[in-house]
Amino acid sequence: MHQTPASRYDGLSQVLHWLTAIIVTVAFILGPGGFGRLMRQGVDPATRNDIVWHESLGILVLVLTMLRLAWMALRPAAPQLQMARWMYLAAKLVRIALWVLLIALPVTALLALGSEGHPLTLLGGVRIDRMPFIAESRVAGLADWGEVHQFLGDSIMWLAGLHAMAAILHHVVLKDGVLVAMLPRGRSPN
């Protein structure tokens, strides 16, 4: 199904990219500071909208990421934009790191909840009180998964910011079509 590269990503890739970016940003903003402390104080996470939304959006990010990876195998060829080799390698490294973080963040959240015995609370009243398959696993005790999750959350925001700044640099200074490749037709910024 791969065809010759176009100058833009296909519409579904664009929608999934921007939807993921928005959801990750909102989940980060809603991320409850001091989550572990709140749980140790006996706060029921289902009573905190920020926690319910954060966890629901985190699961949505995981689902969208899996869909995006599946679509990458099926979609038309991605644009092959001309740039210096070092820029191409840097962009590829950042994209790989972002993909790893998009998977690692929800996984570390589940590891944190399961290993610390906290429930997963989602929109619609969905609640998973115990995750024994995590709590009883060898992985549970390897790290403070809540701390790892927080570090990775900060990291994805810094990396996404760098990614966005690079796209703006390409558009404003280099004028090479990198940013436009991820925008719908007729939506080029000036």
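Angles under 35 degrees count as roughly parallel, over 145 as roughly antiparallel, 65 to 115 as roughly perpendicular, and the rest as oblique. Angles run from 0 to 180 degrees between N-to-C directions, and axes are lines fitted to C-alpha atoms, for helices over the stretch in contact. Helices (H or I, at least four residues) and strands (E, at least two) are DSSP runs, numbered from the N terminus.

This is a predicted model: local features need pLDDT of at least 70, side-chain atom pairs count only at pLDDT 80 or more, and totals for chains, interfaces and linings use all residues. Numbering starts from 1 along each chain as its sequence is written, and side-chain values use heavy atoms, without hydrogens and water.

The protein has 6 helices and 2 strands. Their order along the sequence is α-α-α-α-β-β-α-α. The C-alpha trace spans about 55 × 35 × 30 Å along its principal axes.

| Pair | Angle | Axis distance |
|---|---|---|
| H1 (residues 11-30) and H3 (residues 49-74) | about 155° | 9 Å |
| H4 (residues 85-116) and H6 (residues 145-174) | about 155° | 8 Å |

H4 and H6 are therefore roughly antiparallel. Their contact (heavy atoms within 4.5 Å) holds 18 nonpolar, 8 polar and 1 charged residues. Here Ala, Val, Leu, Ile, Met, Phe, Trp, Tyr, Cys and Pro count as nonpolar, Asp, Glu, Lys and Arg as charged, and the others, Gly among them, as polar.

H1 and H3 are likewise roughly antiparallel, given their angle. Residues of H1 in this contact include Leu12, Leu16 and Ile23; those of H3 include Trp53, Leu57 and Trp71. By class, the H1 and H3 contact has 14 nonpolar, 4 polar and 2 charged residues.
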